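Please look over the chain shown below before reading on. The briefing that follows is arranged by topic.

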Amino acid sequence: MTSRPDPTLFAALHGELAPYPAPPGGGADAYGLFLARSSALGWLDTLWGMNDAGRDPAPGSRAAWFQVAPLGGAVPVQPFLACAGEVVARLGTLRLDALRLLLPLPEGGGPAGGAVMGLLQEAGWFAGAAEDAAVPVRVTLDSGAAADGAALPGAGPALLPWLRGFKQTVFDCASVTAGEPDEAGAAEAAYGPAPVDALWGGPARHRIVVTGGLAEWSLDALGWLAAFLAEGCAAQGVSGPLLLTATASGAPRT
């Protein structure tokens, strides 16, 4: 039996990062800022252990990326992306075009930390978002080459009513469908290679596509949505890790 890779949270922020002028003596780096900020918030060595982070200055590549090892049962995707967002805000001004996120889920399925009720409480944070801030989003979830990755497309029909079964105003799910066979290649052409296959059991073999309206195009809202989708997939018996790619139509600068 092939063993799964150790749980890894990896986020790649794609878009245009206009850096701030470097101060005398050199500017800060993504790794040092992420380490310092997650330590200040009490998340380092409690929610995750630090692995790596960096910036890709070449046009058209990742603007910034972050990698940690989650600690404990829950997947701390929301604080992880919140910390990443604060780091990027120190580096420059980001136009976020797409998010690629590696989501570890429990082996054998089951709730990914049992966080649904917490997510419903946290949905109140977005209640103050402007009505015209809502954007249509398209989220692709890919499972790797492991045999149980085939459970992901089969979960689609049950995932749609599950997502619609909770009263919340963050994400209005429109559809859950099977992905096209060439989508993984198209995503790689648009956003570069996925995280190293050894981190998640890739390459992608099975996928579903989730569409709907998101309250706002921000890392806060995307973190909420990613955690919600992780809970839904795990509830349908899907094991991780999954590679999530989120894009929006007409996304404003963030």
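This is a predicted model: local features need pLDDT of at least 70, side-chain atom pairs count only at pLDDT 80 or more; totals for chains, interfaces and linings use all residues.

Residues are numbered from 1 along each chain as its sequence is written, and side-chain values use heavy atoms, with hydrogens and water left out.

**The chain as a whole**

- The chain holds 7 helices and 8 strands, where helices (H or I, at least four residues) and strands (E, at least two) are DSSP runs numbered from the N terminus.
- Of the 254 residues in the chain, 45% are buried, a term that stands for under 20% relative accessible area, with exposed meaning over 50% and partly exposed in between (1.4 Å probe, protein chains only).
- The accessible surface of the chain is about 11500 Å², and 57% of that surface belongs to carbon and sulfur atoms; the areas come from the Shrake-Rupley method with a 1.4 Å probe.
- Among contacts (heavy atoms within 4.5 Å) between residues at least 6 apart in sequence, 85% join residues at least 24 apart.

**Strand pairing around β5**

- Strand β5 (residues 135-143) is mostly covered, with 7 of its 9 residues buried.
- β5 pairs with strand β7 (residues 206-214) in the antiparallel sense over 9 bridges, where pairing requires that DSSP finds at least two bridges between two strands, and V137 has G212 in β7 as its bridge partner.
- β5 also pairs with strand β8 (residues 242-248), again in the antiparallel sense, over 7 bridges, and here L141 stands opposite L244 in β8.

**Strand pairing around β1**

- Strand β1 (residues 9-19) runs antiparallel to strand β3 (residues 62-70), to which 6 bridges join it, and the bridge partner of A12 in β3 is W65.
- β1 also runs antiparallel to strand β4 (residues 92-103), with 10 bridges joining the two, and the bridge partner of A18 in β4 is T93.

**Contact between α2 and α7**

- The axes of helix α2 (residues 77-91) and helix α7 (residues 219-235) come within 8 Å and cross at roughly 160°, where axes are lines fitted to C-alpha atoms over the stretch in contact and angles run from 0 to 180 degrees between N-to-C directions.
- α2 is therefore roughly antiparallel to α7, the term used for angles over 145 degrees.
- The residues that make this contact include V77, L81 and G85 of α2 together with L219, W224 and A227 of α7.

Definitions and conventions: Angles under 35 degrees count as roughly parallel, over 145 as roughly antiparallel, 65 to 115 as roughly perpendicular and the rest as oblique.
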